[in-house]
Amino acid sequence: MAPDNKRRPLPQGEQFFTPGATGLRKAVEQRSAVPMTFLFTQVPRWLTPVVLVILLLAGFAVTNPLGGVAVLPVLAFIGWLAYLSWPSLGYGGKLMRVAMLTFLVLLAATRFGAF
(Lines give C-alpha, C1' and ligand atoms only; values in the text may rest on other atoms or scores of the structure.)
Protein backbone atom coordinates (compact mmCIF):
# COMPACT_ATOMS: atom_id res chain seq x y z
CA MET A 1 0.00 0.00 0.00
CA ALA A 2 1.08 3.52 -0.69
CA PRO A 3 1.66 5.94 2.16
CA ASP A 4 -1.37 8.05 3.07
CA ASN A 5 0.14 11.21 1.63
CA LYS A 6 0.48 9.65 -1.85
CA ARG A 7 -3.06 8.31 -2.20
CA ARG A 8 -5.20 9.97 -4.79
CA PRO A 9 -8.55 11.30 -3.62
CA LEU A 10 -11.74 9.65 -4.83
CA PRO A 11 -13.34 11.37 -7.83
CA GLN A 12 -15.86 14.06 -7.02
CA GLY A 13 -19.48 13.31 -7.84
CA GLU A 14 -23.00 13.47 -6.56
CA GLN A 15 -23.44 9.79 -5.72
CA PHE A 16 -21.49 6.60 -6.12
CA PHE A 17 -24.52 4.30 -6.15
CA THR A 18 -27.63 4.49 -8.33
CA PRO A 19 -30.43 6.04 -6.27
CA GLY A 20 -33.20 3.55 -5.53
CA ALA A 21 -31.31 0.59 -7.02
CA THR A 22 -32.53 -2.84 -6.00
CA GLY A 23 -31.72 -6.44 -6.78
CA LEU A 24 -28.86 -7.24 -9.13
CA ARG A 25 -27.86 -3.60 -9.79
CA LYS A 26 -27.55 -2.87 -6.07
CA ALA A 27 -25.52 -6.03 -5.49
CA VAL A 28 -23.17 -5.34 -8.40
CA GLU A 29 -22.67 -1.72 -7.35
CA GLN A 30 -21.90 -2.70 -3.76
CA ARG A 31 -19.47 -5.43 -4.81
CA SER A 32 -17.84 -3.07 -7.30
CA ALA A 33 -17.13 -0.41 -4.69
CA VAL A 34 -13.94 -2.05 -3.39
CA PRO A 35 -12.34 -2.79 -6.80
CA MET A 36 -13.23 0.67 -8.11
CA THR A 37 -11.83 2.35 -5.00
CA PHE A 38 -8.67 0.28 -5.38
CA LEU A 39 -8.32 1.25 -9.06
CA PHE A 40 -8.90 4.94 -8.31
CA THR A 41 -6.59 5.21 -5.31
CA GLN A 42 -3.92 2.48 -5.26
CA VAL A 43 -3.11 1.64 -8.87
CA PRO A 44 -1.18 4.17 -10.96
CA ARG A 45 -3.53 5.94 -13.36
CA TRP A 46 -1.67 4.75 -16.43
CA LEU A 47 -1.54 1.06 -15.52
CA THR A 48 -5.12 -0.05 -16.23
CA PRO A 49 -5.40 1.53 -19.70
CA VAL A 50 -1.93 0.31 -20.68
CA VAL A 51 -2.71 -3.28 -19.65
CA LEU A 52 -6.06 -3.17 -21.48
CA VAL A 53 -4.46 -1.80 -24.66
CA ILE A 54 -1.73 -4.45 -24.55
CA LEU A 55 -4.34 -7.20 -24.14
CA LEU A 56 -6.45 -5.77 -26.97
CA LEU A 57 -3.44 -5.51 -29.28
CA ALA A 58 -2.55 -9.10 -28.42
CA GLY A 59 -6.12 -10.06 -29.32
CA PHE A 60 -5.71 -8.39 -32.72
CA ALA A 61 -2.25 -9.83 -33.38
CA VAL A 62 -2.77 -13.43 -32.25
CA THR A 63 -5.28 -15.18 -34.50
CA ASN A 64 -5.67 -18.36 -32.47
CA PRO A 65 -7.64 -18.98 -29.24
CA LEU A 66 -4.87 -17.35 -27.20
CA GLY A 67 -5.86 -14.07 -28.85
CA GLY A 68 -9.43 -14.68 -27.73
CA VAL A 69 -8.24 -15.28 -24.18
CA ALA A 70 -6.39 -11.95 -24.31
CA VAL A 71 -9.59 -10.13 -25.34
CA LEU A 72 -11.74 -11.65 -22.55
CA PRO A 73 -10.39 -9.44 -19.70
CA VAL A 74 -10.92 -6.36 -21.88
CA LEU A 75 -14.46 -7.49 -22.63
CA ALA A 76 -15.15 -8.12 -18.95
CA PHE A 77 -13.75 -4.74 -17.86
CA ILE A 78 -15.61 -2.76 -20.53
CA GLY A 79 -18.81 -4.70 -19.80
CA TRP A 80 -18.46 -4.02 -16.09
CA LEU A 81 -17.99 -0.29 -16.63
CA ALA A 82 -20.83 -0.19 -19.17
CA TYR A 83 -23.19 -1.87 -16.71
CA LEU A 84 -22.24 0.50 -13.90
CA SER A 85 -22.60 3.64 -16.04
CA TRP A 86 -25.75 2.57 -17.93
CA PRO A 87 -28.36 4.46 -15.83
CA SER A 88 -26.59 7.80 -16.28
CA LEU A 89 -26.04 7.53 -20.05
CA GLY A 90 -27.93 9.12 -22.90
CA TYR A 91 -28.82 7.24 -26.09
CA GLY A 92 -25.49 8.03 -27.74
CA GLY A 93 -23.48 6.69 -24.80
CA LYS A 94 -25.57 3.54 -24.62
CA LEU A 95 -25.23 2.96 -28.36
CA MET A 96 -21.45 3.42 -28.13
CA ARG A 97 -21.14 0.90 -25.30
CA VAL A 98 -23.30 -1.67 -27.10
CA ALA A 99 -21.21 -1.20 -30.26
CA MET A 100 -17.94 -1.62 -28.33
CA LEU A 101 -19.14 -4.73 -26.52
CA THR A 102 -20.46 -6.21 -29.78
CA PHE A 103 -17.10 -5.55 -31.45
CA LEU A 104 -15.19 -7.21 -28.59
CA VAL A 105 -17.51 -10.24 -28.53
CA LEU A 106 -17.09 -10.68 -32.30
CA LEU A 107 -13.31 -10.29 -32.02
CA ALA A 108 -13.12 -12.94 -29.30
CA ALA A 109 -15.49 -15.21 -31.23
CA THR A 110 -13.33 -15.03 -34.37
CA ARG A 111 -10.24 -15.88 -32.36
CA PHE A 112 -12.00 -18.90 -30.86
CA GLY A 113 -12.96 -20.02 -34.38
CA ALA A 114 -16.69 -19.23 -34.36
CA PHE A 115 -16.51 -17.63 -37.84
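Colleague: At what angle do helix α1 (residues 23-41) and α3 pack, and how far apart are their axes?

Modeller: The packing angle is about 120 degrees, and the two axes lie 11 Å apart. Axes are lines fitted to C-alpha atoms, over the stretch in contact for helices, and angles between N-to-C directions run from 0 to 180 degrees.

Colleague: Which word describes α1 relative to α3?

Modeller: At that angle, α1 is oblique to α3. The classes are roughly parallel (under 35 degrees), roughly antiparallel (over 145), roughly perpendicular (65 to 115) and oblique (the rest).

Colleague: Which residues make the contact?

Modeller: Contact means heavy atoms within 4.5 Å. From α1 come Leu24, Arg25, Val28, Glu29, Ser32, Pro35, Met36 and Leu39. The α3 side supplies Phe77, Trp80, Leu81, Tyr83 and Leu84. By class, this contact of α1 with α3 holds ten nonpolar, one polar and two charged residues. Nonpolar covers Ala, Val, Leu, Ile, Met, Phe, Trp, Tyr, Cys and Pro; charged covers Asp, Glu, Lys and Arg; the others, Gly among them, are polar.

Colleague: What should I know about the model itself?

Modeller: It is a predicted model, where local features need pLDDT of at least 70 and side-chain atom pairs pLDDT 80 or more, while totals for chains, interfaces and linings use all residues. Residues are numbered from 1 along each chain as its sequence is written, and side-chain values use heavy atoms, without hydrogens or water.

Colleague: How many helices and strands does the protein chain have?

Modeller: The protein chain has four helices and zero strands. Along the sequence, the pattern reads α-α-α-α. Helices (H or I, at least four residues) and strands (E, at least two) are DSSP runs, numbered from the N terminus.

Colleague: How do α3 and helix α4 (residues 91-111) pack?

Modeller: Their angle is about 160 degrees, with axes 8 Å apart. So α3 is roughly antiparallel to α4. On the α3 side, the contact includes Pro65, Gly67, Gly68, Val71, Leu72 and Ser85. Their partners in α4 include Arg97, Met100, Leu101, Leu107 and Arg111. The residues of this contact of α3 with α4 divide into 13 nonpolar, four polar and two charged.

Colleague: Is serine 32 buried or exposed?

Modeller: Buried means under 20% relative accessible area, exposed over 50%, partly exposed in between (1.4 Å probe, protein chains only). Serine 32 has a relative accessible area of 4%, so it is buried. This residue is found in helix α1. Leaving aside neighbours within four places in sequence, serine 32 is in contact with Trp80 and Leu84. Its side chain also reaches the backbone oxygen of valine 28 at 2.7 Å.

Colleague: And where is serine 85 found?

Modeller: Serine 85 is found in helix α3 (residues 65-85). Its relative accessibility is 17%, so serine 85 counts as buried. A polar atom of its side chain lies 3.0 Å from the backbone oxygen of leucine 81.

Colleague: What share of the protein chain is buried?

Modeller: Buried residues make up 24% of its 115 residues.

Colleague: What does phenylalanine 60 contact, apart from its neighbours within four places in sequence?

Modeller: Phenylalanine 60 is in contact with Phe103, Leu107 and Arg111. Its place is in helix α2 (residues 47-61). At 37% relative accessibility, phenylalanine 60 counts as partly exposed. Across the protein chain, residues 24 or more positions apart account for 64% of the contacts with a separation of 6 or more.

How values were computed. Polar contact = N/O pair within 3.5 Å; in protein donor to acceptor, adjacent residues only side chain to side chain.
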